[in-house]
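Hello,

Here is the structure I promised to pass on to you. Have a look at it first, and then read on for what turned up.

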Amino acid sequence: MTKREMSTKSLLLILVLPAVFIILIVILMPILFSFVISLNKATPRLGGINLKWRGLLNYYNFFFKNPEFWNSIKLTLYFTIVSLIIELILGTGVALVLNRKFFARSLVRALILIPWAVPTVVNARLWEWIYAGNNFGALNGFLKVLGLLAKDNNVVWLGFDTPFANVPLLGAFFNWMGVPRALNMIIIADTWKVMPLVVFLLLAGLQQIPKNLYEVGSIDGANSLQKFRSITYPYLKPIYLVILVLRTMELFRVFDIIYILMQYSIRVVGIYTYEVGMKFLKFGQGSALSFLVALFIMGFTLIYIKLFYKEEV
Amino acid sequence: MVKKVSTKKIIKGTSFYLLIIIILLWTLLPLAWLFLSSIFPYKELISNRLGHWIPSHATFKHYLSFFNPEEDISSRFLAAMRNSLIVASVTTIICLFFGSLAAYAVVRIEFRFKKTMVLSLMFIRMLPTITLIIPFFIIVNLIDTRLINFFGADVHLFDSRSLLIILYTSFTLGFVIWIMRGFYLTMPEELEDAARIDGLTRLQTVFKIVMPLSANGLVATGVLAFLLAWDEFILALIFTRTENAVTLPLFIAELGSQYIHDFTQISAAGVIACLPPFILVLIFQRFIVSGLTMGSVKG
């Protein structure tokens, strides 16, 4: 190795060191500490903490002895999967529309991005006000003006009744899942904020497709669906994977919007973890739960990668 | 020659623009309602006003009350605004500076645990925030009891902007490294080699060639980091209490629970909290989109 290469290498090392130091102090050490806590029964005392070793018992108990944990996983899976399906289908549709040439396209695109910039707390408050279950709620008012809701009927949108209770299969499904109406409405509110991100990622993918591919497709007599499957989809595949991974991460950990709107009454796993860890101050169990959440997300990611790259392997 | 336009084409064109209008309405109506609610007089907003969406006596007094020192609400609001701006900006600068240098070095040098490091950055992003909250809660508690014993009750980490900056750095830095890494992966190394043949040292190359070339990426990542910090809620909920450190999201969340649900006030605060991100996103729209795609697709 020449002297020059040596000095280059040491300079690059100096460039990484501050960040590595910060990461060590504020990320890695706390996470390791958190993992150690998760192996203990940990209770706070003034100026410190009492630890009592339990090994993997915290994890074991959640997995095999705690129906509340599995209920929260069930709700979280519902929230994650339904949101993902809506975001992907609507997102693809909107992206395909906005990818065509039309009047004032760049202005429309700029406007579409705006909800994504709305802070989560503001988003929660905004939809709380739209869903207000009285005369002033915008959604109730809107439906009444359209004649879809009787004038003296006010729906409590963020309520706990089972949605579609009289629809045969659907009502039974929601009842069995324990999904209250409020959760469905929160999915809509959350989708409103995140859709722009999905749309823009897909648009970036659509722009990489050479236009003449579609012309070739037309000459071969392919219909729109066939063209989507054989031309568009292969280009969007890596982007779908990115969206799935990113969004699963955020959806599975959801906390802010549900906490602000419903406090502890819809126990998705994020809320449940917070309740165990910070409300009841059971630090050991709370930490164990948070690592379980990460494991679930990792499982999802591995499944996506397997599904998407099966044929190439 | 008169172009023959078939009815089928007209229907297709009209339904296409109809779709765009529906998309725009879905996007903008909730925001329009947020703004309209903020300029309604409170009494009119909660009166019987079916099908009546625009205030007959629009007022900006809810906005003004936040800035009027004689109103009770204003000191906490102004403190929250100041804290949010300071914490988000400082976090962004710290993360951008150290994060981009680290990302550059990670791309340009080979070392033994590189792959492990990149993968663990990924795993850390999958952990929920509460994983960090519990250890920090204990550590801060530990440090603060010592500090208070030594220096008296005024010196503490809890409920301080410095603590928030440390906490926000801890979840933003990894994100910044991740995105900037994607950016540097696409930057050809030949350019730097050429600069060094011209006699620039490696350090000069970094600051005179690499940084200016990555300006787009830095701007995009900076805006994203700022938005992340501006949006943060759960850490502020646990680690702040008073005007020392309370942030805007926490202030707005409290407005809804502590007092009566005065949605004129909540909406006005919401509109104000939206302004900095809106301005950033509209100005840097192109950069942000390219930043998001490069960080994620190249990962």
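Into which domains is chain B divided? There are domain 1, covering 1-39, and domain 2, covering 57-297. Before going further, please keep in mind that this is a predicted model, so every value below is computed from predicted coordinates.

Staying with those two domains, their C-alpha centres in chain B are 37 Å apart. Where they touch, domain 1 of chain B supplies five residues and domain 2 of chain B supplies ten residues. On the domain 1 side of that contact, three residues are nonpolar, two are polar and none is charged.

Chain B contains 14 helices and zero strands. If you walk along its sequence, the pattern reads α-α-α-α-α-α-α-α-α-α-α-α-α-α. Its C-alpha trace spans about 90 × 75 × 35 Å along the principal axes. Chain B has a radius of gyration of 25 Å, whereas a compact globule of 299 residues would be near 19 Å.

Chain A has 13 helices and two strands.

Next, the place where the two chains meet.

You will meet several helix pairs below, so here is a general idea to hold on to: two packed helices are described by the angle between their axes and the distance between the axes.

Let's begin with a pair that bridges the chains. Helix α4(A) and helix α1 of chain B (residues 7-39) have axes that come within 9 Å and cross at roughly 40 degrees. The two helices, α4(A) and α1(B), are therefore oblique to each other. Their crossing is left-handed. Which residues meet here in α4(A) and α1(B)? From α4(A) come A:Val108, A:Leu111, A:Ile112, A:Ile114 and A:Pro115, and they meet B:Ile20, B:Ile23, B:Leu24, B:Thr27, B:Leu28 and B:Leu31 of α1(B). By class, this contact has ten nonpolar residues, one polar residue and no charged residues.

Helix α4 of chain A (residues 105-117) also packs against helix α8 of chain A (residues 181-206), at an angle of about 130 degrees and with the axes 6 Å apart. That angle makes α4(A) oblique to α8(A). The crossing of α4(A) and α8(A) is left-handed. The contact of α4(A) with α8(A) counts ten nonpolar residues, no polar residues and one charged residue.

The last pair lies in chain B. Helix α4 of chain B (residues 72-108) and helix α10 of chain B (residues 215-231) have axes that come within 9 Å and cross at roughly 140 degrees. This makes α4(B) oblique to α10(B). Is their crossing left-handed or right-handed? The crossing of α4(B) and α10(B) is right-handed. The contact is made by B:Ser84, B:Val87, B:Ala88, B:Thr91, B:Thr92, B:Cys95, B:Leu96 and B:Ser100 of α4(B), together with B:Leu218, B:Thr221, B:Gly222, B:Ala225, B:Phe226, B:Ala229 and B:Trp230 of α10(B). By class, the contact of α4(B) with α10(B) has nine nonpolar, six polar and no charged residues.

Methods. Residues are numbered from 1 along each chain as its sequence is written. Chains are lettered from A and ligands numbered from 1 in the order in which they are written. This is a predicted model: local features need pLDDT of at least 70, side-chain atom pairs count only at pLDDT 80 or more; totals for chains, interfaces and linings use all residues. Axes are lines fitted to C-alpha atoms, for helices over the stretch in contact, and angles run from 0 to 180 degrees between N-to-C directions. Helices (H or I, at least four residues) and strands (E, at least two) are DSSP runs, numbered from the N terminus. Angles under 35 degrees count as roughly parallel, over 145 as roughly antiparallel, 65 to 115 as roughly perpendicular and the rest as oblique. A crossing is left-handed if the near helix is turned anticlockwise from the far one by less than a right angle, and right-handed if clockwise. Ala, Val, Leu, Ile, Met, Phe, Trp, Tyr, Cys and Pro count as nonpolar, Asp, Glu, Lys and Arg as charged, and the others, Gly among them, as polar. Domain bounds come from an automatic or database domain assignment. Two residues are in contact if their C-beta atoms, placed from the backbone, lie within 7 Å. The radius of gyration is taken over C-alpha atoms; the globule rule is 2.2 Å times the number of residues to the power 0.38.
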